[in-house]
Amino acid sequence: MQEDPDEISKLLRLKRFEQPTPDYFERFLEEFKDRQRAQLLREPAWRIAWDRMWAFLGEQMRPRLGYGLASTAVLAAAAIASFNILESRSVEVASAPEQQHPAAQTASLNLNADQVQLPDLPSLTPSTAHTASLNTPRYVMDARPVSYEPPSSF
Amino acid sequence: MAEEVPVNPDIELVARTQAGDARAFDELVIKYSPRLYGLVYNMTSNHEDANDLLQEVFAKAFRSINGFRGKSSFYTWIHSIAVNMTINFLKKRGRRFQMSLDDVDLNIQNDKEFIELTATSSPVRQADLSELQQKLNESMLKLSPEHRAVVTMFDIQGMPHAEISKILGVSEGTIRSRLFYAHRQLQAHLDEFRKR
């Protein structure tokens, strides 16, 4: 047989009688005061001050304070990261002259001289030189040069 | 002539506490301890735990009272502190618990609803008072802390859905759904009791 939902509510309502004796609540207040005093004596001053400051800020201020702290933490992390990047770059720049091209290393420009001596540059070989302009253009379609096709006659 | 709005006495007591009058807070403790005790006790099913938790609830409320801005009533505010602290306690306690049924007010035998219930329901009539209470507590302890909180506030303390939703910070729909689920679970446990 199923329990009637109203009957469950009635049964549950009976639990409101599970109360301690009336003198319990009189003792409760005294116990509360004693505990408060004992806690005040036990707690360090900074903790009491922290609790009071936190309570003073109130529930409305706490989310804003949380966002503020989170933003500060993000900015601090970004600042540290960018500082590290800049520092590593300056180390790279400092060691860069050792890795320069030998030609650039030997380059010495004397602006007072009559003739400016340019450093020796690597000579261009015919294979690397741009020679395409010397030849006639060849158009390739379907992997077969178009110029090889017989001229169409209409 | 403008109608006089009745002043909530809690507002004055809170303002006095915020101004440093500890006796005003004592009055709030006296006023709310029986009701909050019922809430915490019915969620924990243990008098010692309920006593310790209630002390901590009032201690926390006292420490945080300067942060109370009156956006909700003091009643809602202190109830939400009590419910949240009890839910956290129950989650930490897990399955380690011992029910205590001493100090139970035996006035229950004179209650109209109890007499009516025991007279009309034969399985309940057969069960003695302590067995019935024990069964109810066992059934309650099988619910999750969140469901237990809703059942305690609605079924035992008779709070309306709107008030419970403010205390727990969830919608009324969620409260109704938790109640439905909790009642279904309790029904299953009490059915087992009936079959015995």
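Student: At roughly what angle do the axes of helix α2 (residues 22-44) and helix α8 (residues 145-156) of chain B cross?

Tutor: This is a predicted model, in which local features need pLDDT of at least 70 and side-chain atom pairs count only at pLDDT 80 or more, while totals for chains, interfaces and linings use all residues. Residues are numbered from 1 along each chain as its sequence is written, chains are lettered from A and ligands numbered from 1 in the order written, and side-chain values use heavy atoms, leaving out hydrogens and water. The axes of α2(B) and α8(B) (lines fitted to C-alpha atoms over the stretch in contact, with angles from 0 to 180 degrees between N-to-C directions) come within 9 Å of each other, and they cross at roughly 135°.

Student: Are α2(B) and α8(B) parallel, antiparallel, perpendicular or oblique to each other?

Tutor: The axes of α2(B) and α8(B) cross at roughly 135°. Angles under 35 degrees count as roughly parallel, over 145 as roughly antiparallel, 65 to 115 as roughly perpendicular and the rest as oblique. The relation of α2(B) to α8(B) is therefore oblique.

Student: How many residues of the contact of α2(B) with α8(B) are nonpolar?

Tutor: On the side of α2(B) the contact (heavy atoms within 4.5 Å) is made by B:Gly38, B:Leu39, B:Asn42 and B:Met43, and α8(B) contributes B:Pro145, B:Arg148, B:Ala149, B:Thr152, B:Met153 and B:Ile156. Ala, Val, Leu, Ile, Met, Phe, Trp, Tyr, Cys and Pro count as nonpolar, Asp, Glu, Lys and Arg as charged, and the others, Gly among them, as polar. With 3 polar residues and 1 charged residue, the number of nonpolar residues is 6.

Student: Which residues of chain A are in contact with B:Ile156, once its neighbours within four places in sequence are left aside?

Tutor: B:Ile156 lies in helix α8 of chain B and is buried (under 20% relative accessible area, against over 50% for exposed and partly exposed in between, with a 1.4 Å probe and protein chains only), its own value being 5%. B:Ile156 and B:Gly38 are 118 residues apart in sequence, while their C-alpha atoms lie 8.6 Å apart. Within chain B its contacts are B:Asn42, B:Met140 and B:Val151, and from chain A they are A:Leu12, A:Arg13, A:Lys15 and A:Arg16.

Student: Which residues of α9(B) make the contact with α8(B)?

Tutor: The axes of α8(B) and α9(B) come within 10 Å and cross at roughly 145°. From α8(B) the contact involves B:Val150, B:Met153 and B:Phe154, and from α9(B) it involves B:His161, B:Ile164, B:Ile167 and B:Leu168.

Student: How many of the 8 residues in α9(B) are buried?

Tutor: The buried residues of α9(B) are B:His161, B:Glu163, B:Ile164, B:Ser165, B:Ile167 and B:Leu168. Helix α9 (residues 161-168) of chain B is thus mostly covered, and the buried count is 6.

Terms used. Helices (H or I, at least four residues) and strands (E, at least two) are DSSP runs, numbered from the N terminus.
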